[in-house]
Amino acid sequence: MAETGLFNPEFPVETFGFKNLNNVFYNLTAPALYEESLRRNEGVLAAGGALVAETGAHTGRSAKDKFVVRDETTENNIWWDNNGAITPANFNALLSDFLAHAQGKDLFVQDLYGGADPAHRVKTRVVTEYAWHSLFIRNLLIRPPMEEVLANIAELTIVDLPSFRADPKRHGCRSETIIAVNFAKKIVLIGGTSYAGEMKKSVFTYLNYVLPTEGVMPMHCSANVGDGHDTAIFFGLSGTGKTTLSADSTRTLIGDDEHGWSKEGVFNFEGGCYAKAIKLSREAEPEIFATTERFGTVMENVVLDPETRVPDFDDGSKTENTRVAYPLNYIPNASATGRAGHPKNIVLLTCDAFGVLPPIAKLDASQAMYHFLSGYTAKVAGTEKGVTEPAATFSTCFGAPFMPRHPSEYGNLLRELIARHHVDCWLVNTGWTGGKYGTGRRMPIRVTRRLLAAALDGSLNKADFRTDPYFGLAVPTSVPGVEPHILSPVKTWASKAEFAETAKKLVKLFRDNFVTFEPHVDAQVRDAAPAMQVAAE
């Protein structure tokens with residue numbers, strides 16, 4: 001067996017149980033991983049120098065194939081309504097089969113950090129079958145200095161073998177695809193999928209489990225900071241603008257997806273970004289677009305012109321979930337430390353395809369917890385076969401698939417932090433105005449950016465506010481540079497009756513969704529629900 005690269009000789013992969021391997025490549029850098037990926041026909045080069053790979057049948061996460069080992073350490077700590085369970089025996093059989101499957105193969109190893117705060121980071125070893133997966137996770141997590149690579153012993157181990165096929169009877173799973181998390185052993189096994197995002201979200205899942213016990217709030221959010229050290233965090237599900245809006249040339253980017261909030265402030269879990277690439281344009285998102293023309297960037301399922309190799313970001317024929325993964329320092333104004341002070345503003349992003357939520361509203365602490373636990377956005381018609389109307393999606397904490405603990409644990413921790421640090425909270429609708437999807441138009445990004453600028457610089461706090469009759473939200477009546485009618489959604493609709501009917505429908509969806517959380521929150525949070533009297537009219 002040949003071993004190449006930089007590694008701690010006291011911690012080779014054999015200590016994990018691997019044996020009879022062919023070659024092991026430790027901590028290869030981007031050039032070497034490019035060479036290995038291209039030699040193995042795992043990807044191709046784009047015109048600008050990025051490596052482009054396809055993920056096959058899985059073009060997104062396989063949430064229903066993710067399982068947590070149910071044992072004495074997790075029995076009373078996991079939100080089992082949201083997390084699939086397998087037995088310790090299932091996991092042990094799976095681990096044994098993973099090790100057997102790896103025999104005779106080449107493996108790629110990266111020793112990395114999850115977490116920019118040394119007090120709360122997890123030392124992570126990621127073992128992959130594909131070279132491009134090794135480059136992906138090297139981009140997405142934090143790369144330690146050389147001397148720390150040599151000294152570190154991993155606390156969390158992730159083994160990623162796309163060619164492995166699970167056996168539902170033997171492994172207690174649903175299909176041939178599996179993501180198995182063992183919190184007691186600190187091991188994650190990923191098989192049957194080539195979608196690289198499973199690796200980064202496995203680290204996020206682990207931190208979501210351990211950090212609340214340390215009084216740290218794990219968050220599915222982006223974050224940036226202004227010249228006045230005014231940190232802002234942006235919660236949001238995929239497609240709501242979390243990455244786009246945090247990549248602001250006037251502010252320093254801390255990170256685009258996963259952060260912790262400790263007694264010292266906010267810190268990034270990652271060292272890179274994983275941005276959606278569909279309809280990416282140089283004009284609307286120049287910082288992100290520029291990364292697609294750099295060596296070291298990994299693009300997933302992006303269509304290239306067969307002759308010029310220029311990416312066509314408007315082509316969603318492989319998937320609408322095309323992605324680009326790049327190191328954080330590819331963004332010119334990115335933070336070198338991944339850390340900042342306590343947030344001054346929290347922004348909850350929603351893409352309301354019903355077109356009835358205001359473009360911005362101020363929330364009190366109870367409303368912030370209500371909307372955080374709700375985690376609302378909407379799918380648009382046409383994205384799935386047979387869908388002709390907007391479809392509401394409620395993903396609690398804006399990231400239910402990655403939340404091993406009950407949402408109330410995260411919600412209560414967030415509410416305490418908001419109160420302790422006197423944080424201003426905002427609900428921002430990046431969805432539709434002038435009607436629902438198919439009738440109205442997408443909220444102009446210039447409007448969203450102007451409203452956010454006013455919120456973050458503090459000037460919006462001085463505005464006059466009205467109370468939205470349906471959602472009970474405090475909505476500014478005027479903002480310099482924004483057309484007044486946009487601030488009042490009903491005024492943008494041609495039919496006021498249709499607006500009322502649509503708004504009442506969404507009110508009911510909110511209230512029905514929140515029923516499961518009502519026993520876990522106090523009266524103030526329950527009272528933050530959309531207006532009962534309007535819903536009953």
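**Figure 1. Salt bridges across the whole structure.** A search of the whole structure finds 24 salt bridges; a salt bridge is counted where a side-chain nitrogen of Lys or Arg lies within 4 Å of a carboxyl oxygen of Asp or Glu. The model is a predicted one, in which local features need pLDDT of at least 70 and side-chain atom pairs count only at pLDDT 80 or more, whereas totals for chains, interfaces and linings use all residues. Residues are numbered from 1 along each chain as its sequence is written, and side-chain values use heavy atoms, with hydrogens and water left out.

Figure 2. The side chains of K201 and E258 meet in a salt bridge with an N to O distance of 3.4 Å. Because K201 belongs to helix α6 (residues 197-210) and E258 to strand β15 (residues 258-262), the pair ties together parts that are 57 residues apart in sequence. Helices (H or I, at least four residues) and strands (E, at least two) are DSSP runs, numbered from the N terminus. Both K201 and E258 are buried; buried denotes under 20% relative accessible area, exposed over 50%, and partly exposed the range in between, with a 1.4 Å probe and protein chains only. A network of salt bridges links K200, K201, K242, D257, E258 and E270.

**Figure 3. The salt bridge between E176 and R165.** The closest N and O atoms of E176 and R165 are 3.9 Å apart, and the two residues form a salt bridge. This pair links distant parts of the chain, 11 residues apart: E176 is in the loop between α5 (168-171) and β10 (178-182), and R165 is in the loop between β9 (156-161) and α5. Both ends are partly exposed: E176 has a relative accessible area of 47%, and R165 has 45% relative accessibility.

**Figure 4. The salt bridge between E409 and R405.** E409 and R405 form a salt bridge in which the closest N and O atoms are 3.7 Å apart.

Figure 5. D305, E307, D312 and D314 form a negative surface patch. Patches are made of residues with over 30% relative accessible area and no salt bridge, like charges being joined within 9 Å and nonpolar side chains (Val, Leu, Ile, Met, Phe, Trp, Tyr) within 5 Å. Asp and Glu count as negative and Lys and Arg as positive, while His and the chain ends are not counted. E307 lies in the loop between β19 (303-304) and β20 (311-312), and E307 is exposed, with a relative accessible area of 75%.

Figure 6. The structure holds 0 disulfides, a disulfide being a pair of cysteine sulfur atoms within 2.5 Å. The cysteine sulfur closest to that of C221 is in C397, at 12 Å, which is too far for a bond. C425 is likewise in no disulfide, the nearest cysteine sulfur, that of C221, being 12 Å away. C221 is buried, with a relative accessible area of 0%, and C425 is buried, with a relative accessible area of 2%.

**Figure 7. Positive phi values at N301 and F398.** Most residues other than glycine have a negative phi. N301, a residue other than glycine, has a positive phi near 60°, and F398, also other than glycine, has a positive phi near 55°. N301 is placed in the loop between β18 (298-300) and β19, and F398 in the loop between β26 (391-394) and α10 (407-421). N301 counts as buried at 3% relative accessibility, and F398 is buried, with a relative accessible area of 2%.

Figure 8. H133 lies in helix α3 (residues 131-140) and counts as buried at 0% relative accessibility. H133 and F108 are 25 residues apart in sequence and 8.6 Å apart in space, C-alpha to C-alpha. H421 lies in helix α10 and counts as partly exposed at 23% relative accessibility. From H421 to M146 the separation is 275 residues in sequence and 37 Å in space, C-alpha to C-alpha.

Technical notes
Areas by Shrake-Rupley, 256 points an atom, 1.4 Å probe, with all protein chains shown as cover. Charge placed at Lys NZ, Arg CZ, Asp CG, Glu CD.
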